[in-house]
Amino acid sequence: MEIELPESEKKGTLSIEEAIFRRRSCRHFVPDSITLKAVSQLLWAANGFRDREGLFRTAPSAGKTHPIFLYIVTGDNGVKGLDAGVYAYLPASHKLRLITRGDLRQELREASLKQAFIGIAPVSIVITAEYARTTRKYRERGLRYVHFEVGHVSENIYLQVLSLGLETVAVGSFIDYEVSKLLNLPEEHEPLYIMPVGYPER
(Lines give C-alpha, C1' and ligand atoms only; values in the text may rest on other atoms or scores of the structure.)
Protein backbone atom coordinates (compact mmCIF):
# COMPACT_ATOMS: atom_id res chain seq x y z
CA MET A 1 0.00 0.00 0.00
CA GLU A 2 1.29 3.45 -0.96
CA ILE A 3 0.29 6.72 0.69
CA GLU A 4 0.49 10.07 -1.06
CA LEU A 5 2.31 12.69 1.00
CA PRO A 6 1.28 16.37 1.11
CA GLU A 7 3.30 18.62 -1.15
CA SER A 8 6.40 19.97 0.55
CA GLU A 9 6.96 23.67 1.17
CA LYS A 10 9.82 25.38 -0.61
CA LYS A 11 9.87 28.55 1.47
CA GLY A 12 9.61 28.99 5.22
CA THR A 13 9.67 31.65 7.93
CA LEU A 14 12.83 30.52 9.77
CA SER A 15 16.12 31.78 8.34
CA ILE A 16 18.98 29.35 7.78
CA GLU A 17 21.10 31.44 10.17
CA GLU A 18 18.57 31.07 12.97
CA ALA A 19 18.13 27.34 12.29
CA ILE A 20 21.90 26.82 12.55
CA PHE A 21 22.07 28.91 15.71
CA ARG A 22 19.21 26.99 17.36
CA ARG A 23 20.21 23.49 16.22
CA ARG A 24 20.54 21.05 19.09
CA SER A 25 20.05 17.39 19.99
CA CYS A 26 16.93 16.60 22.02
CA ARG A 27 16.36 13.40 24.02
CA HIS A 28 13.24 14.47 25.91
CA PHE A 29 10.03 14.23 23.91
CA VAL A 30 6.34 14.37 24.69
CA PRO A 31 4.20 11.71 22.96
CA ASP A 32 1.98 14.24 21.14
CA SER A 33 1.07 13.44 17.52
CA ILE A 34 2.72 15.26 14.64
CA THR A 35 1.10 15.95 11.30
CA LEU A 36 1.51 14.05 8.06
CA LYS A 37 2.46 17.40 6.53
CA ALA A 38 5.40 17.63 8.95
CA VAL A 39 6.53 14.09 8.06
CA SER A 40 6.28 14.97 4.38
CA GLN A 41 8.39 18.09 4.87
CA LEU A 42 11.06 16.24 6.86
CA LEU A 43 11.43 13.41 4.35
CA TRP A 44 11.59 15.83 1.43
CA ALA A 45 14.16 17.99 3.21
CA ALA A 46 16.21 14.92 4.11
CA ASN A 47 16.57 13.48 0.62
CA GLY A 48 13.67 14.34 -1.66
CA PHE A 49 13.73 15.66 -5.21
CA ARG A 50 14.05 19.39 -5.88
CA ASP A 51 12.69 19.24 -9.42
CA ARG A 52 9.81 17.56 -11.25
CA GLU A 53 12.22 15.84 -13.66
CA GLY A 54 13.84 13.88 -10.81
CA LEU A 55 17.38 15.07 -11.48
CA PHE A 56 18.33 16.89 -8.29
CA ARG A 57 17.99 15.90 -4.64
CA THR A 58 17.98 18.00 -1.47
CA ALA A 59 21.18 16.29 -0.24
CA PRO A 60 24.35 15.98 -2.36
CA SER A 61 25.50 12.55 -3.49
CA ALA A 62 28.88 11.47 -4.86
CA GLY A 63 28.46 10.78 -8.56
CA LYS A 64 24.67 10.89 -8.11
CA THR A 65 24.81 7.32 -6.82
CA HIS A 66 22.16 8.05 -4.15
CA PRO A 67 22.86 5.21 -1.69
CA ILE A 68 20.61 6.61 1.06
CA PHE A 69 17.14 5.17 1.78
CA LEU A 70 14.76 6.44 4.45
CA TYR A 71 12.23 4.59 6.59
CA ILE A 72 9.92 5.81 9.32
CA VAL A 73 8.63 4.01 12.40
CA THR A 74 5.51 5.55 13.88
CA GLY A 75 3.22 4.57 16.73
CA ASP A 76 -0.46 4.65 17.53
CA ASN A 77 -1.57 8.27 17.10
CA GLY A 78 2.04 9.14 16.29
CA VAL A 79 1.23 10.82 12.98
CA LYS A 80 -2.23 12.26 12.37
CA GLY A 81 -3.86 10.45 9.49
CA LEU A 82 -1.27 7.65 9.36
CA ASP A 83 -1.63 4.19 10.90
CA ALA A 84 1.10 2.87 13.18
CA GLY A 85 3.74 0.96 11.29
CA VAL A 86 6.99 0.93 9.37
CA TYR A 87 7.06 2.81 6.07
CA ALA A 88 9.61 3.30 3.30
CA TYR A 89 9.96 6.74 1.73
CA LEU A 90 9.71 6.79 -2.06
CA PRO A 91 11.35 10.08 -3.08
CA ALA A 92 10.60 9.87 -6.81
CA SER A 93 6.84 9.86 -6.20
CA HIS A 94 6.98 11.52 -2.74
CA LYS A 95 4.97 8.70 -1.20
CA LEU A 96 5.20 6.26 1.69
CA ARG A 97 5.02 2.50 1.17
CA LEU A 98 3.74 0.44 4.09
CA ILE A 99 6.20 -2.28 5.13
CA THR A 100 4.75 -3.53 8.45
CA ARG A 101 1.63 -2.60 10.39
CA GLY A 102 1.65 -1.93 14.13
CA ASP A 103 3.44 0.16 16.74
CA LEU A 104 7.03 -1.11 16.89
CA ARG A 105 8.54 1.82 18.78
CA GLN A 106 9.20 -0.20 21.93
CA GLU A 107 10.91 -2.90 19.90
CA LEU A 108 12.99 -0.21 18.20
CA ARG A 109 13.87 1.15 21.65
CA GLU A 110 15.03 -2.31 22.73
CA ALA A 111 17.14 -2.68 19.59
CA SER A 112 18.62 0.76 20.33
CA LEU A 113 20.16 -0.28 23.65
CA LYS A 114 16.97 0.63 25.56
CA GLN A 115 17.20 4.37 24.90
CA ALA A 116 13.81 5.37 26.34
CA PHE A 117 13.18 8.46 24.21
CA ILE A 118 13.00 6.32 21.06
CA GLY A 119 9.92 4.63 22.50
CA ILE A 120 8.33 7.98 23.39
CA ALA A 121 8.90 10.04 20.24
CA PRO A 122 5.88 9.76 17.91
CA VAL A 123 8.04 8.92 14.90
CA SER A 124 11.61 7.91 14.13
CA ILE A 125 13.35 8.36 10.80
CA VAL A 126 15.76 5.52 10.09
CA ILE A 127 18.52 6.39 7.63
CA THR A 128 19.95 3.40 5.76
CA ALA A 129 22.54 2.98 3.04
CA GLU A 130 23.07 0.65 0.13
CA TYR A 131 26.86 0.84 -0.01
CA ALA A 132 27.24 -0.97 -3.33
CA ARG A 133 25.57 1.88 -5.19
CA THR A 134 28.61 4.03 -4.40
CA THR A 135 31.40 1.47 -4.06
CA ARG A 136 30.67 0.10 -7.54
CA LYS A 137 31.81 3.46 -8.88
CA TYR A 138 34.38 4.57 -6.30
CA ARG A 139 35.50 1.25 -4.80
CA GLU A 140 36.72 1.41 -1.20
CA ARG A 141 36.67 5.20 -1.11
CA GLY A 142 32.94 5.01 -1.75
CA LEU A 143 32.45 3.92 1.86
CA ARG A 144 33.67 7.35 2.94
CA TYR A 145 31.36 9.07 0.48
CA VAL A 146 28.33 7.18 1.81
CA HIS A 147 29.13 8.34 5.35
CA PHE A 148 29.49 11.92 4.14
CA GLU A 149 26.05 11.64 2.59
CA VAL A 150 24.46 10.34 5.78
CA GLY A 151 25.78 13.48 7.46
CA HIS A 152 24.24 15.70 4.79
CA VAL A 153 20.85 14.00 5.15
CA SER A 154 20.83 14.09 8.94
CA GLU A 155 21.79 17.77 9.07
CA ASN A 156 18.94 18.59 6.70
CA ILE A 157 16.59 16.89 9.18
CA TYR A 158 18.15 18.74 12.12
CA LEU A 159 17.56 22.10 10.45
CA GLN A 160 14.10 21.35 9.08
CA VAL A 161 12.63 20.16 12.41
CA LEU A 162 13.17 23.60 13.93
CA SER A 163 10.90 25.35 11.43
CA LEU A 164 8.19 22.85 12.35
CA GLY A 165 8.49 23.40 16.11
CA LEU A 166 9.94 19.91 16.52
CA GLU A 167 13.25 18.47 17.75
CA THR A 168 15.41 15.45 16.96
CA VAL A 169 18.67 13.69 17.80
CA ALA A 170 20.93 11.51 15.64
CA VAL A 171 21.33 8.08 17.25
CA GLY A 172 24.09 5.72 16.17
CA SER A 173 23.94 3.32 19.13
CA PHE A 174 21.85 0.31 18.17
CA ILE A 175 22.18 -3.35 17.22
CA ASP A 176 22.30 -3.33 13.42
CA TYR A 177 20.90 -6.82 12.91
CA GLU A 178 17.96 -6.26 15.24
CA VAL A 179 17.00 -2.95 13.61
CA SER A 180 17.26 -4.50 10.15
CA LYS A 181 15.09 -7.44 11.14
CA LEU A 182 12.52 -5.27 12.92
CA LEU A 183 12.10 -2.97 9.91
CA ASN A 184 12.23 -5.88 7.46
CA LEU A 185 14.93 -4.04 5.53
CA PRO A 186 16.23 -5.35 2.21
CA GLU A 187 19.47 -7.23 2.76
CA GLU A 188 21.48 -4.51 1.01
CA HIS A 189 20.11 -1.67 3.18
CA GLU A 190 22.21 -1.13 6.29
CA PRO A 191 20.89 1.12 9.10
CA LEU A 192 23.26 3.96 10.00
CA TYR A 193 21.22 6.50 11.98
CA ILE A 194 17.95 6.60 13.88
CA MET A 195 16.47 10.08 14.30
CA PRO A 196 13.46 10.21 16.66
CA VAL A 197 11.31 13.28 16.00
CA GLY A 198 8.71 14.95 18.18
CA TYR A 199 7.75 17.92 20.32
CA PRO A 200 10.29 18.58 23.09
CA GLU A 201 9.45 18.61 26.78
CA ARG A 202 9.10 22.15 28.02
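Tyr145 and Phe148 sit 3 residues apart in helix H6, about one turn of the helix; helices here are DSSP runs of H or I with at least four residues, numbered from the N terminus, while strands are runs of E with at least two. The model is a predicted one, so local features need pLDDT of at least 70 and side-chain atom pairs count only at pLDDT 80 or more, whereas totals for chains, interfaces and linings use all residues. Residues are numbered from 1 along each chain as its sequence is written, and side-chain values use heavy atoms, with hydrogens and water left out.

A pair of aromatic rings is described by how far apart the centres are and by the angle of the planes. Rings of Phe, Tyr and Trp (its six-membered ring) pair if their centres lie within 6.5 Å, and the planes count as stacked under 30 degrees apart, edge-to-face over 60 and tilted for the rest. Searching the whole structure turns up 2 aromatic pairs. Tyr138 and Tyr145 make an edge-to-face pair, with 5.0 Å centre to centre and 85° between the planes. The rings of Tyr145 and Phe148 have centres 6.2 Å apart and planes at 40°, so this pair is tilted. Put together, Tyr138, Tyr145 and Phe148 form one aromatic cluster.

As for accessibility, buried means under 20% relative accessible area, exposed means over 50%, and partly exposed is in between (1.4 Å probe, protein chains only). Tyr138 counts as partly exposed because its relative accessibility is 29%. Tyr145 is partly exposed at 22%, and Phe148 is partly exposed at 46%.

Arg139 lies in the loop between helix H5 (132-138) and helix H6 (141-163). At 68% relative accessibility, Arg139 is exposed. Most residues other than glycine have a negative phi. Arg139, though not a glycine, has a positive phi of about 55°. Leu113 also has a positive phi, near 60°, and is found in the loop between helix H3 (105-111) and helix H4 (116-120).

Helix H2 (residues 36-47) has 11 of its 12 residues buried, so the rest of the structure largely encloses it. Among the buried residues of H2 are Leu42, Leu43 and Trp44.
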